[in-house]
Amino acid sequence: MDPTQQKALNALESFILLSSSASSPRAAADLVKQATSAPNTYVFAELLQTKNIAALKTGHPEYASSYTLLEIFAWGTWADYSSTPNLPSLSDAQAHKLRQLSLLSLSTSPTALTYTNLLTALSLSSTRALENLVISTIYAGLLVAKLDTKSQRVDVSSISPLRDLRPAKVPELISTLDTWNGRCVSVLEDLENHIKEVRQKALERRKREQRDEGAVEKLVGQSLKDKGKAGEKRMAQDPVAGREAVMGEGIDGMDLDEKAGPGRPRGAKRGGGAFKNAAKRMMG
């Protein structure tokens, strides 16, 4: 949990405990004022749900405005307070806190963070008052931001999760989450299909390689077999030539004399007589 959120929940805890003893409408309304004025209390949904505070909404018309005010502190803005009639007046501490919380809500829309828009939305009379509000909100740990005095805007980097969700927004949030979930499921299905396709192509490529390797081995084996048969055939027809074919060394492979010697013409094969004598002995 965010540390600022945890701190705000801890600060609210004492008021939740006190609500059980605020049995009268007046005591419950006073508790609302105390909770919204106290330092570090920035979340209020749990207090709204307590029995005696919730009873202000319908059971006691005179104090129903205190319940409405607490709702505004929980998820509303300064504009909501200004536009809602018959609400209790705010102390300086309440007004400052509501403006801080409103600044958090406005920070979700970067286009709204110009000095001009913020002065109007927060009902502030001067740039100095606005800058002081932003600085105090930063020091309270509610947001991380910088003042761009040259461009007259507030650059927000992050905000603490302190605003409660308006009940009417729950169906919209559920719909958004359902849409997001559907997109995630669709992306995962696409990834799985892509993985299957890659694996299938890899399998087909491997089978094709194995088939090609088998074909090559078959061709090499057939070639060797044919060569052996050719050598045997030549052996039967001409034992000397056949033996040379099988051994891979024929008479034509004999070195030729580079120079003619006495009684030997130039280009005659060396050792030819020996093979002829051997052939005669084999045949005779």
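**View 1. Glutamine 34 sits in helix H2.** Helices are DSSP runs of H or I with at least four residues, numbered from the N terminus. Glutamine 34 is partly exposed, with a relative accessible area of 43%. Buried means under 20%, exposed means over 50%, and partly exposed lies in between (1.4 Å probe, protein chains only). The C-alpha atoms of glutamine 34 and glutamine 94 are separated by 9.3 Å, although these residues are 60 apart along the chain. This is a predicted model: local features need pLDDT of at least 70, side-chain atom pairs count only at pLDDT 80 or more, and totals for chains, interfaces and linings use all residues. Residues are numbered from 1 along each chain as its sequence is written, and side-chain values use heavy atoms, with hydrogens and water left out.

**View 2. Helix H1 (residues 3-19) meets helix H2 (residues 25-37).** Their axes come within 10 Å and cross at roughly 175°. Axes are lines fitted to C-alpha atoms, for helices over the stretch in contact, and angles run from 0 to 180 degrees between N-to-C directions. The crossing makes H1 roughly antiparallel to H2. Angles under 35 degrees count as roughly parallel, over 145 as roughly antiparallel, 65 to 115 as roughly perpendicular and the rest as oblique. Phe15, Leu18 and Ser19 of H1 touch Leu31, Gln34 and Ala35 of H2. Contact means heavy atoms within 4.5 Å. By class, four of these residues are nonpolar, two are polar and none is charged.

**View 3. Helix H2 crosses helix H7 (residues 92-106).** The two axes come within 8 Å, at roughly 60°. H2 is therefore oblique to H7. Lys33, Ala35, Thr36 and Ser37 of H2 meet Ala93, Gln94 and Lys97 of H7. This contact has two nonpolar, three polar and two charged residues.

**View 4. Helices H5 and H7 pack at an angle of about 45°.** Their axes are 8 Å apart. H5 and H7 are therefore oblique to each other. From H5 come Leu69, Ile72 and Phe73; from H7 come Gln94, Lys97, Leu98 and Leu101.

**View 5. The largest nonpolar core has 47 residues.** Such a core is a set of buried Ala, Val, Leu, Ile, Met, Phe, Trp, Tyr and Cys residues joined through side-chain atoms within 4.5 Å. Ile53 and Leu90 have the most contacts inside it. Helix H5 (residues 64-75) gives the most to this core, with seven residues. Beyond its neighbours within four places in sequence, isoleucine 53 contacts residues including Ser19, Ala28, Tyr67 and Leu70.

Definitions and conventions. Helices (H or I, at least four residues) and strands (E, at least two) are DSSP runs, numbered from the N terminus. Ala, Val, Leu, Ile, Met, Phe, Trp, Tyr, Cys and Pro count as nonpolar, Asp, Glu, Lys and Arg as charged, and the others, Gly among them, as polar.
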